[in-house]
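Hi,

Here is the structure I promised to pass on. Have a look at it first, and then read on for what turned up.

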Amino acid sequence: MRRHTLYIAIMLWLAILAGLKFGVRPPMPASVLMIYMTLSTIAIILFAAADEARFQAFLAPLRAVFEGRAPKAVQLLVLAGIPLLAGWGAWLRTAPSWDAPFEPRVVHPEPPSTFNFHGKRIDTASLKNPLRAAHEKDPAQLEKLTAEGKTIYYQNCFFCHGDALAGDGHFANAFSPIPANFRDVGTISMLQESFVFWRVSTGGPGLPRAATPWLSAMPVWQNFLTEDEIWKAILYIYAGSGSTPRTWDEETKHEKH
Amino acid sequence: MATASATPSAAAPSAFAALKGTYKGVLKISLMLAATYLVAQGLSSYLPAADYRSLFGFPNRIAVWVIAELHLMFAAFVLGVPIFAVITEFVGVTTKEKRYDDLAREFTKLLAMAYTLTAVLGCILLVLLIVLYPKLTGYMSGMFKPTWLLYIVLIFGEVIIAYLYWYSWDLLQGSRKKWHLLLGVLVNVWGTALLFVADIWVTFMMSPAGIDDAGNLTSLWAAINNPTWMPINIHRLLANVAFGGSIAAAYAAVRFLNAKTDEERARFDWMGYIGSFIAIGAFIPLPFAGYWLGREIYQFSQQMGVSMMGGSFAWLWILQAMLIGGLFLASNFYLWLGMGRIPGAERYVKFQVPMMILLTIGFIVWATPRSIMASGAEMSAMGGSHHPFLGLFGVMAAKNTAVNLMILTTFFSFMLYRRGNRIPTVSWAAMGKIVQALVIAAAAGVVLGYGIYSYYVPSNIRIGFSIYQVGAVLSAMAIFVAIDIPLLRGAKEIGAIRWGQIPARAQYALFFLAISFTWLMGLMGYIRSGIRQYWHIYGRVMDESANAYTMMHGHATIIVSIITVIFFLLVSVVFWMASRNDEKKKKKKGPGSTFPHAENSECHFRPRKTRTWPLFLFLLATVSIYSYVGQLVPQFEEYPPEKKVITVSTPPAELAAIGEELVRVKGGCLICHKVTETGNVRGPDLRKAAGQAATRKPGMDAEAYLLESITQPDVFLVPGYPKMMPSALKPPANMNLAEVKSIIAYLQTLGGAEVTVKIVAEDIKAAKASGPVHKGKEAMGIYGCVGCHKIEGEGGEVGPELTKVGAGRTAEEVMKKILDPAAWTTPNFQAGIMPANLGKSIPEGERHEIVAYLMGLSGIHYSPTGAESPWSHEGVRLGLVILIFNLGMLAALAIAARREKQRKAA
């Protein structure tokens, strides 16, 4: 067993590569695969080196090759194999491809400190959903407003964001990337309502450069909806997707209990 | 510098020697402060007055960055080391083992010179701030003056106590040891206070509090206790210990690799182990402290929080994840290798496989980016910009789970290491081990369970889970140790630890820990400071220099690497001097105490000739890899928002927004008018202006009336208001027609009406570039002084003309009158017209500019960079206090010298 340490390590490495490449669906992007494989490589080598006996066993076949004790065929294979592998790597990196270039896209772009809404300057930091604030203690009224929001959603947003608010509307597949899935825990439930209001009001063109505004087909909804209508729609997307907006006040309260 | 570290035992221990050594420290710091003051004042008055300056064309931001970071690293070292030096000393006292006392002294020895270097770097930083950022520094130091004075007092206290601690080591032995321990504790109390004070300024710039809209201080305590102050204090305190431990371990590693004897190797092997133990011990709670800080940042400003974790800076967190994961791997690697020198530890080798798997999976989850880099094809395959499955790893819940499990694993490694050569003999040993295993399993279960459950609950509940996870891990560790101590009491020892018999690569692991800690500090410091983006003081004082942009991540990581390399070069100078003194001492006294070691048994270690160059290459390789990863993430520069330019096609909404900005800032309209319920009523309410405009003057439409009332305010006066408004086309407002029209657009939206005003080409042509205007003159326009006072033929006549005010009044008087208009009244003018708070609402820097401008009109020079001329009273006063203090210490020294002589004579 011990004298096969190096081979076990190589097999393990190949198994991890195969598992990550073919075992994950949808396939993970190359950049992530690269991170995972780098970490796996480091982990395997460190593990081999963490015990003196194990490390010597790990090195033994390599020593045999580089000190000329291994069979000629094996030496030839390794010494020819290394430059060939390096060459293959270089070719993979430089060969022309038809793929679109990488789009470094941040998922949660930072909102500006202020933005224009119907000519009014809105301060993002202090922005709160006025409807939620006004009717916090009146669930019936809030429910009515949410229902109105649902109508607005179906008249405007539904086509892309879908019936189940899962980003799978009729037009969804025409876009790349596809519209946001509100049921995903990583989307609206991570954000305050003010963020959502900014995204809806200013749409794709309102995104900062880091968030590749040219990659969003979201219209500038303030040109089509009133402030109230947008807030109502926001009430609905939270209620409809079963999530709650992120608020810091509640957390502080939560902790104090 | 070298003299400072002269070993205390070189001379016979005496109070005089201790006092002399301490005074050297005081003298050094006094001279340094004096030099700083002179250089800063000299350069400030020599260089032209400006908001920003640069030295020899070198980018001022990078200069301040490099020096500040180096200063911080040395400060972290000198604040961190005493914490564990005194703990080690205490352990030495309780266990009565001399090697602990020697180790504590070895740690402290590194301090003396590091103090000097910290102070030198701090002084350079201060000079750079005063010279390169005069306006900001003036504003900050004016506001925080009490804390500056406190800081200086603390520095002197710290120097005295720390040097006394070092120089009195031999003096205070035996029955007097408790006094030495007390000194050690005091060093830490002062050091911590020093850190807390320095953090005030840093955190205020991130999360300003205690100031009003105009930037005036309303509550010093609120400004000090701003939202991020405490989290940073705690975070830095822990990080200092971890950092100090890792640097001490790296020192031991270098000494180990260069050791000539088995004894030396054994000693430094042990020191490296203790150093790494401290580093990792302090490192374990760090993620939690960091998490608290992150929360406070989010709570203070969602925008800042999002740009830190989700926006442009998110990419740097991949690097952070890599570094932290690397630290976990390296520390486990070191422990496992160390078990090779513990007889009996081979029993635990079998645990390495599951531990490595756990660490790797944890690392993988920890390093999974939230924003994934993907090509178009990959993105459509994933169905969005995040992966449906891997996306789950990108969020905080997964990261918390991963890091908690990694902490638990590392803790377990430590415990196995501890048990390495021991077999418990207590009767309940088997039971105890089962309980320990159950406790670890339960904690892992809680961490995993809450980790998974948190995907099913809203974020405000989810965030509370991290507390349960941390709680589970911390209590599991506490219970484990509580069982372990009695469990191993009187345990059978299989064999003694063979100190010194560890492969060289384990020392490289220690060195890697130190490099990574240093680099991590550089990176996280950059992120913390960088998320302020184009603000000096977030949301309040904007960076208006050419360096206000956020640089590309690749550039930033290269600078972090350069800082790291410089730091290690400087540190190696300190270490080299420390070891040189060691050799001198040895020659003088012969070898000191010996460390238990095995003679030349089957040692893995094969000494080579030089082991310093490979270490340096290792340093360069490590930082290069980090910077290389910094180049792989997306690169973009982010610029401050552009100043808006009015064109004929500017949409009405934007025009109104520009107008609003003009009314607030450049026009200074709100000094007399109001646009909200609260406001000034010297002029008519602007909310009604547009609505009433059509009916004000018969035969004139609303737009024409508004235009006339702004550009020729004296033609028609609204009944009940005096003739006092200057034309907007003239100073102080000095606007062009396009700007006036955008104000009309704003007034129309303010009245709730449609924007009808149109910009035509001629309006824009009228905008002419004006030459450089004195900042004071500009400030007088902005703050509306010119509305009432006439200067150089322009301005109102409500108050006295100020063109020649410098001829009759001193600069101090002018300043006093600005701050307190009721101080006196010029003859022939009515008292109480000038608003009492007007002057106070002008930021301090601009107030000085105004005085400088007014005095300059009469040919009198007044330096606007704070009130300090080279010989200002304050600096001299402080210098005098320090001088008297020095004289006092000299007197004490003289008395001690006499006593010493008498003692010797006797």
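One term before we start: a residue counts as buried when its relative accessible area is under 20%, as exposed when that area is over 50%, and as partly exposed in between. Please also keep in mind that this is a predicted model.

Let's begin with chain A as a whole. It has nine helices and three strands. The C-alpha trace spans about 85 × 50 × 30 Å along its principal axes. Chain A has a radius of gyration of 28 Å, whereas a compact globule of 257 residues would have one near 18 Å. Of those 257 residues, 44% count as buried. Take the contacts between residues at least 6 apart in sequence: 55% of them join residues at least 24 apart.

As for the surface, chain A exposes about 14200 Å², and carbon and sulfur atoms supply 65% of that.

Now for the salt bridges. A search of the whole structure gives 21 of them over all chains. Here are some to look up.

In chain A, E193(A) pairs with R132(A), with the closest N and O atoms 2.8 Å apart. E193(A) sits in helix α7 and R132(A) in helix α5, so this bridge ties together parts that are 61 residues apart in sequence. E193(A) is buried at 8% relative accessible area, while R132(A) is partly exposed at 24%.

In chain B, E106(B) and K109(B) form a salt bridge with the closest N and O atoms 3.4 Å apart. Both belong to helix α3, three residues apart, which is about one turn of the helix. Both ends are buried: E106(B) has a relative accessible area of 9%, and K109(B) is at 5%.

Also in chain B, R236(B) bridges to D199(B), and here the closest N and O atoms are 2.5 Å apart. R236(B) is in helix α8 and D199(B) in helix α6, so the pair links parts that are 37 residues apart in sequence. How buried are these two? R236(B) has a relative accessible area of 17%, which is under the 20% cut-off, so it counts as buried. D199(B) is buried as well, with a relative accessible area of 0%.

Finally, back in chain A, salt bridges with shared partners join K144(A), E148(A) and K232(A) into one network.

Cheers

Key
Residues are numbered from 1 along each chain as its sequence is written. Chains are lettered from A and ligands numbered from 1 in the order in which they are written. This is a predicted model: local features need pLDDT of at least 70, side-chain atom pairs count only at pLDDT 80 or more; totals for chains, interfaces and linings use all residues. Side-chain values use heavy atoms; hydrogens and water are left out. Helices (H or I, at least four residues) and strands (E, at least two) are DSSP runs, numbered from the N terminus. The radius of gyration is taken over C-alpha atoms; the globule rule is 2.2 Å times the number of residues to the power 0.38. Buried means under 20% relative accessible area, exposed over 50%, partly exposed in between (1.4 Å probe, protein chains only). Contact means heavy atoms within 4.5 Å. Accessible areas come from the Shrake-Rupley method with a 1.4 Å probe; for residues, only the protein chains shown count as cover. A salt bridge is a side-chain nitrogen of Lys or Arg within 4 Å of a carboxyl oxygen of Asp or Glu.
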